[in-house]
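I opened the model and kept a running notebook. These are my entries, in the order I looked things up.

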Amino acid sequence: MATTVDAVGEPIPTSAVLMASSKHISTKCRMENMDFINCKKKDANPEKCLDKGQEVTRCVLSLLKGLHQNCTKEMDAYAGCMYYHTNEFDLCRKEQEAFEKACPWNE
């Protein structure tokens, strides 16, 4: 896995990238995720929550783009490790620590 973005700089949300960024996503896109979940609880019709789902997607893609711009090397290393080790967090703690130090998820 060479990079987490495509040729034009747009994030590629692979499972490894999403897993590596999961703490960031859970804090930065919390409101959008909660709005989507609450919508789904209110109405089982999938069409009723498409706009909420698109807001979640927009938030996550924007977040991934920002993470890649601000800590490219660390994000690529962590996502690459997660890819190589089939998303096993325990095998990528060193890369996780470097990534979270470069781009803290709780700020």
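The entries go from the overall fold to helix packing, then to salt bridges and loops.

**Entry 1: overall fold**

I noted at the start that this is a predicted model. I looked up the secondary structure and found 6 helices and 0 strands. Read along the sequence, I get α-α-α-α-α-α. I then took the extent of the C-alpha trace, which is about 40 × 30 × 25 Å along the principal axes. The chain has 107 residues, and 33% of them count as buried. I also checked how far apart in sequence the contacting residues lie. Taking contacts with a separation of 6 or more, 62% join residues 24 or more positions apart.

**Entry 2: H3 against H4**

I went to helix H3, residues 30-42, and helix H4, residues 50-70. At what angle do H3 and H4 pack? I read about 160°, with the axes 9 Å apart. Angles over 145 degrees count as roughly antiparallel, so H3 and H4 are roughly antiparallel to each other. The crossing of H3 past H4 is left-handed.

I listed the residues that meet. H3 brings Glu32, Asn33, Asp35, Phe36 and Cys39. H4 answers with Lys52, Gly53, Glu55, Val56 and Cys59. By class, I count 4 nonpolar, 2 polar and 4 charged residues in this contact.

**Entry 3: H4 against H5**

Next I took H4 with helix H5, residues 72-84. The angle here is about 115°, and the axes are 5 Å apart. The range for roughly perpendicular runs from 65 to 115 degrees, so I logged H4 and H5 as roughly perpendicular to each other.

On the H4 side I found Leu64, Leu67, His68, Gln69 and Asn70. On the H5 side they meet Thr72, Met75 and Asp76. The classes come out as 3 nonpolar, 4 polar and 1 charged.

**Entry 4: H5 against H6**

I moved on to H5 and H6. They pack at about 150°, with axes 8 Å apart. That makes H5 roughly antiparallel to H6. H5 passes H6 in a left-handed crossing.

From H5, the contact uses Glu74, Met75, Ala77, Tyr78 and Cys81. From H6, it uses Glu95, Gln96, Ala98, Phe99 and Ala102. I sorted the residues of this contact into 7 nonpolar, 1 polar and 2 charged.

**Entry 5: salt bridges**

Side chains of opposite charge can pair when their charged atoms come close. How many salt bridges does a search of the whole structure find? I got 2.

One joins lysine 23 to glutamate 100, with the closest N and O atoms 3.3 Å apart. Lysine 23 sits in helix H2, residues 22-28, and glutamate 100 in helix H6, residues 93-102, so the pair ties together parts 77 residues apart in sequence. I checked the accessibility of lysine 23: it is partly exposed, at 32% relative accessible area.

The other joins aspartate 90 to arginine 93, with the closest N and O atoms 2.9 Å apart. Is aspartate 90 buried or exposed? At 58% relative accessibility, aspartate 90 counts as exposed. Arginine 93 counts as partly exposed, at 41%.

I looked at backbone angles next. Most residues other than glycine have a negative phi. Threonine 86 lies in the loop between H5 and H6. It is exposed, with a relative accessible area of 63%.

Asparagine 87 gave me a positive phi too, near 60°. Asparagine 87 is also placed in the loop between H5 and H6.

**Entry 6: glutamate 47**

My last stop was the loop between H3 and H4, where I found glutamate 47. At 62% relative accessibility, glutamate 47 counts as exposed. I then took the distance from glutamate 47 to aspartate 90. Their C-alpha atoms are separated by 38 Å, and the two residues are 43 apart along the chain. Aspartate 90 is the residue I had already logged in a salt bridge with arginine 93.

Note on methods
Residues numbered from 1 in each chain as written. Predicted model: local features only at pLDDT ≥ 70, side-chain atom pairs only at ≥ 80, totals over all residues. Heavy atoms only, no water. Axes fitted to C-alpha atoms, helices over the stretch in contact; angles between N-to-C directions. Helix = DSSP H or I, 4+ residues; strand = E, 2+ residues; numbered from the N terminus. Parallel < 35°, antiparallel > 145°, perpendicular 65-115°, else oblique. Left-handed = near helix turned anticlockwise from the far one by under 90°. Contact = heavy atoms within 4.5 Å. Nonpolar A, V, L, I, M, F, W, Y, C, P; charged D, E, K, R; others polar. Salt bridge = Lys/Arg side-chain N within 4 Å of Asp/Glu carboxyl O. Buried < 20%, exposed > 50% of the residue type's maximum accessible area, 1.4 Å probe, protein only.
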